[in-house]
Each structure stands twice: as structure tokens, then as C-alpha cells.
Amino acid sequence: MLAVLESACATTGIRHAPFEAVTVRSFTRDDVARWDEYVLRHEQGSLFHAAAWHHGVCSAFPHKPHYFLAERGRRVVGVLPLFLVNSFLAGRMLVSVPYGVGGGILADDSVVAGELYRAARELAKRRNCATLELRQRGSEIADSTSSTPYAYFTRELPARGVDVLSWLPRKARAATRQARDRYELRIIHGDEHLATVWDLYSRNVRRLASINYPRSFFRGLRDATPGKHWVSLVMQKDRPVAGAMTFLFKDRVMPYFFGATGDARVCHAANFLYWQLMERGASEGFRVFDFGRSRRDNVGSYDFKRFHGFEPKPLSYVVDVLNGGPPPDLSPGDRRFQWARAIWPYLPLALTRGLGGRLSRHLTG
């Protein structure tokens with residue numbers, strides 16, 4: 001397995017190093033600053049590795065965090081964020097990280113990566129986990145890598161915000177201009193709109209036959225990312241028609257939670273919203289617009305991103321099934337959920353919001 005890990009390290013830019021003593025221990029509150037400094041410094045470091053995601057998940061879900069810090073002496077040389085998830089649908093899982101698109105091992109070299117991987121497997125065995133999942137994009141741990149039903153989408157932004165509209169493909173550009181000129185949409189930003197964004201989001205996912213995350217998750221992430229997020233609403237006259245919570249990390253603009261009214265498509269509210277976020281991001285010096293992931297069978301979301309000039313890239317994760325058998329499928333497309341998805345859009349909103357918040361504890365996003 002170590003040889004396989006070293007092959008994976010080569011594909012993700014982790015260096016090989018001569019043997020030096022590596023200590024792997026549990027993260028403590030005193031390590032927050034050093035942990036985040038390492039995540040920011042590492043080429044593959046993401047919001048999902050940062051302490052902010054730890055705070056957001058812990059504020060809304062009962063999952064037990066197990067964050068591993070690797071050191072040589074007092075120097076941080078690797079990190080691995082993990083959560084223990086007890087799911088009645090898939091058994092006990094160790095996941096890096098739930099509700100995130102990314103995660104997994106960050107390490108200076110293959111020796112450190114191997115030590116972190118061993119620590120994770122040992123913990124998974126001690127806790128009788130069925131699965132260890134590391135959401136490492138592009139990893140090629142041959143014995144463990146599992147394809148997902150998702151693709152992810154990123155694109156480099158223009159150097160200037162004023163160039164974003166002309167940078168969009170023709171059809172997306174036309175829809176955006178209609179939203180601006182014909183429907184006179186406008187955007188407002190501010191944390192005071194978070195409750196409205198969550199309201200739009202929870203209505204939207206019910207309409208799409210998916211479950212919502214609890215509002216406390218939004219609040220926890222807001223509180224953990226001061227100055228590093230935007231809460232945005234698209235207004236048609238005085239009525240909110242779409243909204244998003246967007247995270248800012250390193251050089252990336254990441255719209256992560258989205259919601260809209262049932263008639264938002266008529267006025268192209270989503271086109272207008274993402275144009276405004278792209279324009280603001282480019283104007284403030286961000287280089288990459290990270291459109292996140294979409295299921296390949298979710299034609300609406302998948303094609304919307306493609307029509308904005310984003311090319312889909314296949315998404316695979318490192319999945320160790322410790323008790324044998326295929327990896328668990330908790331995606332909305334799984335056949336076990338078909339009957340529930342058929343009735344979900346017709347249930348009262350008050351019911352789906354509360355039930356969704358509870359059910360999301362047993363899923364990993």
C-alpha cells in the first residue's frame with residue numbers, strides 16, 4: 001500500500017524525501033493558527049482542509065472530528081481532517097470531509113502522506129468503520145480510488161471585472177443581458193441576508209427532490225469565515241428571486257450554496273447572479289471561479305455550468321472499504337432513494353426543512 005501511496009503522491013505534487021522522523025498526533029485548539037498556515041501554504045490546500053470547515057460542521061452536526069497533524073520536530077509537514085459519521089444508510093464512516101467537495105491528505109512528501117494514511121486506517125479499524133473516504137481530487141491510489149457520479153468545474157477569470165460579460169459564451173451572455181436590461185435585476189450583499197438565502201435554498205432543494213442542510217450549518221460557516229464570504233441576493237424590484245453563499249479562499253471564488261424561486265428561470269436570475277459574482281471576484285483580484293461539482297445525471301446544473309464555458313472534469317475520491325464489498329452510494333441518484341424523491345417536492349416545507357436537517361446527519365454531502 002505504501003508503494004501505491006507513493007504513486008499517488010507523484011500525481012498530486014507531493015515530494016519524495018529521505019527518511020526523517022515524522023510524528024502524527026491529534027489536532028488541538030492550540031494548533032489552529034499553525035494548521036491554517038500550513039493549509040494556506042500548501043498547493044492543494046482548500047477551504048475544506050481549513051479550521052473554518054471544522055467549525056461549520058461541528059456547529060451543525062454530531063459528527064466526531066479527528067484531525068491529524070504531522071510534524072518533524074516542531075515543523076508542520078502534513079494535515080488530515082477527518083470526521084466520524086454514523087449513518088443508518090451506510091454504517092460508520094471516516095470521511096475527509098463531509099459536505100465538502102474536497103479534503104484528504106496534505107503533506108510535504110510521500111513519507112508524511114504514508115504516515116497520515118496509516119493513522120487514518122488505524123483509526124477507522126479501531127472505530128469499526130465500514131469505509132474510509134478521502135476526497136482528494138485527482139488522486140490515483142489504485143487499490144482504493146473510486147469514481148463518483150460527479151464532475152467538477154473551474155475556470156480562470158479575466159484580469160478585469162469589466163471583461164467578464166464578454167468572456168461568457170454567447171448564449172450565457174445574452175441571458176445575462178436580458179436579466180439586467182429587460183428584467184432590471186440587481187444584486188445586494190450582506191450577512192443580514194443569510195436567513196433569506198437559506199429560505200431560498202431550502203425551497204429550491206425541496207423542489208429538486210433533495211434534502212436541505214440545517215440553517216445552523218450556514219450560520220456556522222458564516223461565523224468561521226469573517227471577511228472571507230459573500231452573502232448575496234438577486235432582487236427583482238423589491239422581491240428576492242435568487243441568492244447564494246460564496247466562499248473566498250486563496251485565489252478562488254466559490255459559490256457554494258444557491259437558492260431561487262420557482263419562477264427565477266424566467267428572468268434568468270441564476271445567470272445574473274453568477275455574472276455578478278464573477279465580475280466582483282475578478283475586480284477584487286481573484287483568479288479562479290470554482291463552480292464546484294454537479295452530478296452528471298443532473299442535466300440542468302451540469303449543462304448550466306458547461307454553457308458558461310466551464311469544462312467538466314471527472315471527480316474521483318480515495319475510498320477504502322474496510323470490510324470488503326463495493327463503496328457505499330449515498331448520492332441522490334441511488335435507487336434506494338427513488339420513492340422518497342418522488343414524494344419529497346410535494347411535502348410541506350416545514351416538514352422537509354426539519355426532516356432534511358435530521359437526514360443530512362446520515363449523509364456526507
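1. Rings of Phe, Tyr and Trp (its six-membered ring) count as a pair if their centres lie within 6.5 Å; planes under 30 degrees apart are stacked, over 60 edge-to-face, and the rest tilted. By that rule, a search of the whole structure finds 33 aromatic pairs.

2. A word on the basis. This is a predicted model, where local features need pLDDT of at least 70, side-chain atom pairs count only at pLDDT 80 or more, and totals for chains, interfaces and linings use all residues. Residues are numbered from 1 along each chain as its sequence is written, and side-chain values use heavy atoms, with hydrogens and water left out.

3. Start with F48 and W53. They form an edge-to-face pair, 4.9 Å centre to centre, with 80° between the planes. Both F48 and W53 are buried (under 20% relative accessible area; exposed is over 50%, partly exposed in between; 1.4 Å probe, protein chains only).

4. Next, Y67 and F83. Their ring centres are 5.6 Å apart and their planes stand at 85°, so this pair is edge-to-face. Y67 lies in the loop between strand 2 (64-65) and strand 3 (68-72), and F83 in strand 5 (residues 83-87), so the pair ties together parts 16 residues apart in sequence. Y67 is buried at a relative accessible area of 4%. F83 is buried at 0%.

5. F48 and W53 also belong to one aromatic cluster, whose members include F61, Y99, Y201 and F257.

6. W53 leads on to helix 3 (residues 51-60). Seven of its 10 residues are buried, so helix 3 is largely enclosed by the rest of the structure. The buried ones are A51, A52, W53, H54, G56, V57 and A60. Their cover includes helix 2 (32-41), strand 2, strand 5, helix 8 (215-224) and strand 13 (252-260). Helices (H or I, at least four residues) and strands (E, at least two) are DSSP runs, numbered from the N terminus.

7. Two charges sit over rings (NZ of Lys or CZ of Arg within 6 Å of the ring centre and within 35 degrees of the ring normal). The charged end of R155 is over W167, 3.7 Å from the ring centre. R293 lies over the face of Y150, at 3.9 Å.

8. Finally, a helix crossing. The axes of helix 7 (residues 194-207) and helix 12 (residues 349-359) come within 10 Å and cross at roughly 95°. The contact (heavy atoms within 4.5 Å) is made by W198, D199, S202, R203 and R206 of helix 7 and L349, T352 and R353 of helix 12.

Key. Axes fitted to C-alpha atoms, helices over the stretch in contact; angles between N-to-C directions.
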